[in-house]
Amino acid sequence: MSGAERRPGVPGFWYDDLPVPASARLLSGLYGALTGLRRSLYRKGLLRRRHPGVPVVVVGNITAGGAGKTPLTIALVQRLQQEGWKPGVASRGYGRDEAKTARWVERDTDPRLGGDEPVLIARRTGAPVRVDRDRAAAARALAEAGCDVIVCDDGLQHYRLARDIEIEVIDGRRRYGNGQLLPAGPLREPPERAASCDFRVVNLAGAAGEPAASSGFGEWPMRLIADQATPLLGGRSLPLASFAGRRVHAVAGIGDPERYFAMLRGVGIAVVPHAFADHHRYVAEDFGFGSKLPVLMTEKDAVKLTLDGPDAFATDAHYSVPVRAELPEALWVALLDKLAAHRRR
């Protein structure tokens with residue numbers, strides 16, 4: 001079974017050598033024409049961009065689905081904090097309730113209202129996080145709150161927000177799939193759009209049984225490191241390696257669940273995989289696995305199981321597996337130099 005087939009909600013022809021349905025090819029042409037027109041209107045100034053008055057860094061991709069944007073966003077915010085910046089994070093908050101309502105997200109915000117990724121970012125960084133369908137409005141609110149740099153988690157295609165630096169994140173294993181635009185393929189924009197990004201970061205995580213991913217010329221490698229498992233109900237973290245040789249239920253409701261399962265297998269854990277759609281909203285029945293094994297889940301999934309009240313159903317068998325992004329120091333130096341130049345201007 002291919003990685004694409006194991007990924008919920010993804011057509012097999014996106015990443016496998018399968019024929020693309022004629023209806024998808026037709027819609028892809030229409031999609032390309034409309035999105036191309038929109039890019040042209042912004043480029044010519046016929047649609048107005050808005051800038052918050054402080055440097056803006058957009059972390060995104062040109063493919064649909066996850067590629068590692070949120071871990072990179074967290075790493076970027078933490079590095080900016082270390083360098084004396086006051087970063088704020090703008091996000092759409094995909095999948096949240098009351099999506100038309102802009103709101104501040106804090107570490108204890110209900111993920112149903114703030115979105116799973118914004119809550120995770122707030123918990124990991126402590127930075128101000130603003131969710132709004134209008135990322136330009138979110139950036140403006142962050143600047144008014146005292147942030148001196150805005151990091152936009154996703155939003156490469158949100159052209160209304162003027163930006164100073166663009167970082168494209170690439171799935172090093174899948175790359176651009178069959179190279180076709182939605183819905184015939186996974187691309188939100190043509191591949192040549194990536195050439196205009198200031199930095200191109202490749203997530204090198206690979207799936208079991210597949211060739212190791214690699215970065216190409218002009219691309220920066222990123223590795224996601226996981227070495228701890230944290231009990232959801234509190235207590236000391238355990239080395240992830242302590243689960244080696246044991247069977248566990250592995251839960252992932254992310255863009256590419258197989259990447260997570262492969263990471264666990266890589267440290268010798270016998271994985272019973274449970275893949276859910278990205279941003280899945282869990283209910284207790286989702287965990288009726290029929291066997292009492294430890295449950296290891298991604299940190300993004302875990303934030304949705306720690307709610308107080310009748311919706312809380314985490315047990316002492318549930319563990320969160322956080323990841324941290326490791327990137328070359330030369331990337332940080334180049335990015336910080338570029339940011340400093342924008343601040344001076």
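Colleague: Which residues do ring pairs link into a cluster with Phe-276?

Modeller: This is a predicted model, in which local features need pLDDT of at least 70, side-chain atom pairs count only at pLDDT 80 or more, and totals for chains, interfaces and linings use all residues. Residues are numbered from 1 along each chain as its sequence is written, and side-chain values use heavy atoms, with hydrogens and water left out. Rings of Phe, Tyr and Trp (its six-membered ring) pair if their centres lie within 6.5 Å; planes under 30 degrees apart are stacked, over 60 edge-to-face, and the rest tilted. By ring pairs, Phe-276 is linked into a cluster with Tyr-282, Phe-287 and Phe-289.

Colleague: How many aromatic pairs are there, and what kind do Tyr-260 and Phe-261 form?

Modeller: The count by this rule is 7 aromatic pairs. Tyr-260 and Phe-261 have ring centres 6.1 Å apart and planes at 55 degrees, so by the cut-offs their pair is tilted.

Colleague: Why is helix H8 described as largely enclosed?

Modeller: Helices (H or I, at least four residues) and strands (E, at least two) are DSSP runs, numbered from the N terminus. Buried means under 20% relative accessible area, exposed over 50%, and partly exposed in between, with a 1.4 Å probe and protein chains only. The buried residues of H8 include Tyr-260 and Phe-261. Helix H8 covers residues 257-265 and is largely enclosed by the rest of the structure because its buried residues number 7 of the 9.

Colleague: Which ring does the charged end of Arg-343 sit over?

Modeller: A charge sits over a ring if NZ of Lys or CZ of Arg is within 6 Å of the ring centre and within 35 degrees of the ring normal. Arg-174 does this at 4.9 Å from the ring centre of Tyr-15. For Arg-343 the distance is 3.8 Å, and the ring is that of Trp-85.

Colleague: Which residues lie nearest the centre of the largest pocket?

Modeller: On a 1 Å grid over the protein atoms alone, a pocket is an open set of points with protein on both sides within 12 Å along at least five of seven lines, and lining residues have an atom within 4 Å of a point. The lining of the largest pocket has 50 residues, and its largest share, 4 residues, comes from H4. Nearest the centre are Gly-66, Lys-69, Glu-117, Asp-278 and Lys-300.

Methods
1 Å grid on protein atoms, 1.4 Å probe; cavity = no way out; pocket = protein on both sides within 12 Å on 5 of 7 lines; lining within 4 Å.
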